[in-house]
Amino acid sequence: MSVIGRGVIRLVRGMAWLWQACGCLLANGVRRLSKGSWADYVLFELSGPLLERTPQRPRYLNIVSRGKPALTVEALHDALRRIAEDPDVRGVVILVKGAQISLAQAQSLADLFARFRGWSGEHSSGAEAKEVVVYLETCAGAEYVVAAAADRVFVSPQTEWSVLGLRAEPIFLAETLRRIGVEAEVVKVAPWKTALDTLERSEMSAAHREQMERLLDGLYGEMVSAISRGRDRSEEQVRAAIDSAPLTAKEAAELGLVDDTVYEDELAKALGGPKEEVQILPYDQARRTLYRRPRLRHRKGIGVISLSGTITTGKSRRFPGGLPIIGSSTAGSSTVQQTVRAAIQDERLAGVLLHVDSGGGSALASDLMWRELTLLNRKKPVVTYMGDVAGSGGYYVALPARRIVCQGATLTGSIGVVMAKLVTSGAFDKIGAKSFPVQRGENADLYANDGPWRPKQRGKVEEQIGHTYGIFKRLVADARKMEPDSLEALCGGRVWTGRQAQVRGLVDEIGSFATAVDRLCELARLPTDGTVPVVAVKADEKRPRPPVAEGSLDLLVGGEEFAELTEALLGVLQGDVSSLMGRERVWMLADGLPKIK
C-alpha cells in the first residue's frame, strides 16, 4: 500500500474516531440527567443450556420468535467488557437458576470473571475493581464452581450445598442385545478405545475402568482446585466438605463456602449494607445508561468456524430432540469445506479460530476437514479452541492449528479408530423372519447384518483400522512435533482431560475461548484490546448453506430438511445407523465419556 493510501486510511479512521467521540460525549451528557436510574449492580440470569457462541438466527426468526434469546458466554463477555468501562457501576450479579453448565464451561466463566476484574481495574484509576456476585438457587457441581470464582456467593436459606463429587455409570448392553438376538461385532485399535464397549461387552473391562478412574481423578482435581482457589480454602478442607455433603445453607456459610443466606428480594439490601439498598437492574435495562467510551473496531477481523456434533460426510444437519449415537446435530464435511474456503477467500479475516465441540465420527469426513483446514492455515493463522469434548475425530480436525487451547476439564485425545456392525440374524429368527441373500463378490456381505465376519474378513477390517490409525498417529506426530515411536503411550484410544493432555504435549495452553482469540490475534499481529471483530465465517450463498448453530432453531423447516430427518429416522428404525454417518464404516469416535454437570 502506498504512503498516500495509508495516509487516507488514517485520516478516515481519525474522522470516524472523532465522530464516535462526539456521540459518546452527547450520550454521556444525557446520561447525567438520569443519574437516579443508574445501576449499582447489573443483573444477568443463567438458566437452561449455556452456549459458547451466540447462535446466528435467520432474520425471519427474529420477527416471529418471542422473548429474548438465552444468554451465551460470548454475549456475557461483550456485556462485561462494556460494564467494566463504567466508573459508577459497582459490579455484576449473576443469578443462576436451573443452568445446565458443564465443568469446562464453569472454568470459562471463571476466566471471564477474572478478565472483568482486570478490565474494570484498567478504567478505575486505582479504585477497587468491580465485584462479581453469584446468587444460587441450587448449589451443585459445576454451577458452584462458577460461584466459587465470584467475589461473593449468596444462596437462599433453604438451598442445600450439594457438591457431592463426580460419578460415571456406563450401562453395558451386550447381554440385553443377545436376549433379542442381536450381537455387536467390534474391531478397535486398543482396549482403551472404548467408544462401543457398551454394545460389545456385558461388563466394564480393566482398560475401561482404568480410563474412567484417570478421567474422574483429573476432573475431580479440577473441581477441588477451582473451589479451593475461589473460596480461599485448602484442598483438604474442600475435599472434606464434599465428603460431608449435602450441607445446609447455614452449614455451608459456617464453613466459608458461601458468604450469606438471603432470599432473592433481599439481595439489594445485602449488597448495600444496613443503611443502604443498592439498585440492581437487568442488563437490557442498565445498558441504556452505561458510560460510553469511543472504541474503533480494527479493520481486520477474526473468523470463527464452529464444528459441533458428530462428524459425518455430506452437509451439516440438525435433528430436534436428538437421535441414537448421532445426537442432535452433525458437522458435515462438505459444509465445513465450503465454510473454510469462504474464510480463505475473505480478505477481511486475518486469522481463523476453529471452535471444536465434538466426540468425532467418520474417519473420512475428519480427514477431508483436516485437509481444508491445513490449506487455510497455510494462508492465515488458525488456532483451535476445544469446548467440552474434542476427542478422536474431534482431535484429528484440530491438528492443523498453530496452537490448541482448551479448558482443564475438556475431554480430548482418544487417538484411535474403531469399526463395528450389529449382527441381527438372531433377532430375525426370534420373530420368524428369513432372509435369502444373493451376492457376487467374496466380500459383498462385509457390512451385512446377517452374520459375523469370517476370519479373512475380520483380517481385512483390521487392515483398514490399522491403516487409518497409522495415518492418525503420523499426523499427530507431525503437528505436535513428537517422535512417532513415543506416541503409542498417548494414543490407543486413551482419553485425557485438557490438563492431562497439556502435560503430554497434545494441547498448548489451558484457557477459555477469549484466551484462544488473544493467541490468534498475537499470531496475526493484531491488538488484544478487544477492538478486533470476532465474527462467524459464512459460506458463499451460491454454495451449500453453512451449519446452523445448535440452539438457534427449535424446528426444521422446508421440504429438504424434512426429507433428511425422515431418512435419518428410517435409518434408526431399520437398524442402519450408517445412513446417519454418511455410509462410513471407519469411525474416529469418542463416545461414552463421563458428562460432568
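Colleague: Where is the place of Pro246?

Modeller: This is a predicted model, where local features need pLDDT of at least 70, side-chain atom pairs count only at pLDDT 80 or more, and totals for chains, interfaces and linings use all residues. Residues are numbered from 1 along each chain as its sequence is written, and side-chain values use heavy atoms, leaving out hydrogens and water. Helices (H or I, at least four residues) and strands (E, at least two) are DSSP runs, numbered from the N terminus. Pro246 lies in the loop between helix H9 (235-244) and helix H10 (249-254).

Colleague: What is omega for the peptide bond from Ala245 to Pro246?

Modeller: The bond that leads from Ala245 into Pro246 is cis. Its omega is near 5 degrees.

Colleague: Is Ser392 buried or exposed?

Modeller: Ser392 sits in the loop between strand E14 (382-391) and helix H15 (393-396). Its phi is near 55 degrees, a positive value in a residue other than glycine. Because its relative accessibility is 0%, and buried means under 20% relative accessible area, exposed over 50% and partly exposed in between (1.4 Å probe, protein chains only), Ser392 counts as buried.

Colleague: Is Lys481 buried or exposed?

Modeller: Phi of Lys481 is near 55 degrees, a positive value in a residue other than glycine. This residue lies in the loop between helix H17 (455-480) and strand E18 (495-497). Since the relative accessibility of Lys481 is 75%, Lys481 counts as exposed.

Colleague: Which residues touch the most other members of the largest nonpolar core?

Modeller: A nonpolar core is a set of buried Ala, Val, Leu, Ile, Met, Phe, Trp, Tyr and Cys residues joined through side-chain atoms within 4.5 Å. The largest one has 67 residues, and the members that touch the most others are Phe44, Ile83, Tyr144 and Trp161.

Colleague: Which residues does Phe44 touch, not counting residues up to four places away in sequence?

Modeller: Phe44 is among the core members that touch the most others. Taking contact as heavy atoms within 4.5 Å, and setting aside residues up to four places away in sequence, Phe44 touches Leu71, Leu76, Ala79, Leu80, Ile83, Val92, Val93, Ile94, Leu95 and Tyr283.

Colleague: How many residues are in the other core that lies apart from it?

Modeller: Ile305, Ile344, Ala398 and Phe472 are among the members of this other core.

Colleague: What is the angle between the planes of Tyr144 and Trp161?

Modeller: Rings of Phe, Tyr and Trp (its six-membered ring) pair if their centres lie within 6.5 Å; planes under 30 degrees apart count as stacked, over 60 as edge-to-face and the rest as tilted. The structure holds 4 aromatic pairs. Tyr144 and Trp161 form one that is edge-to-face, 5.4 Å centre to centre, and the angle between the planes is 80 degrees.

Colleague: How many residues apart are Tyr144 and Trp161?

Modeller: Tyr144 is buried because its relative accessibility is 0%, and Trp161 is buried because its value is 1%. Tyr144 belongs to helix H5 (residues 141-148), and Trp161 to the loop between strand E4 (152-155) and helix H6 (174-179). The pair links distant parts of the chain, 17 residues apart.

Colleague: What covers the buried residues of H5?

Modeller: In H5, 8 of the 8 residues are buried, so the helix is largely enclosed by the rest of the structure. Gly141, Glu143 and Val146 are among these buried residues. Their cover includes E2, H4, E3, E4 and helix H8 (206-231).

Colleague: How many residues of strand E3 are buried?

Modeller: On one side of E3, Glu131, Val133 and Tyr135 are buried, and on the other Val132, Val134 and Leu136 are buried. The strand, residues 131-136, is mostly covered, and its buried residues number 6 of 6.

Colleague: Which residue in E4 does Tyr135 stand opposite?

Modeller: Two strands pair if DSSP finds at least two bridges between them. Strand E2 (residues 91-100) and E3 run parallel with 6 bridges, and Leu95 has Tyr135 as its bridge partner in E3. E3 and E4 also run parallel, joined by 4 bridges. In E4, Tyr135 stands opposite Phe154.

Colleague: Which residues is Ser512 in contact with, leaving aside its neighbours within four places in sequence?

Modeller: Ser512 lies in the loop between strand E19 (509-510) and helix H19 (513-523). It is buried because its relative accessible area is 4%. Leaving aside neighbours within four places in sequence, its contacts are Ser108, Asp111, Arg115, Tyr385, Val405 and Gln407.
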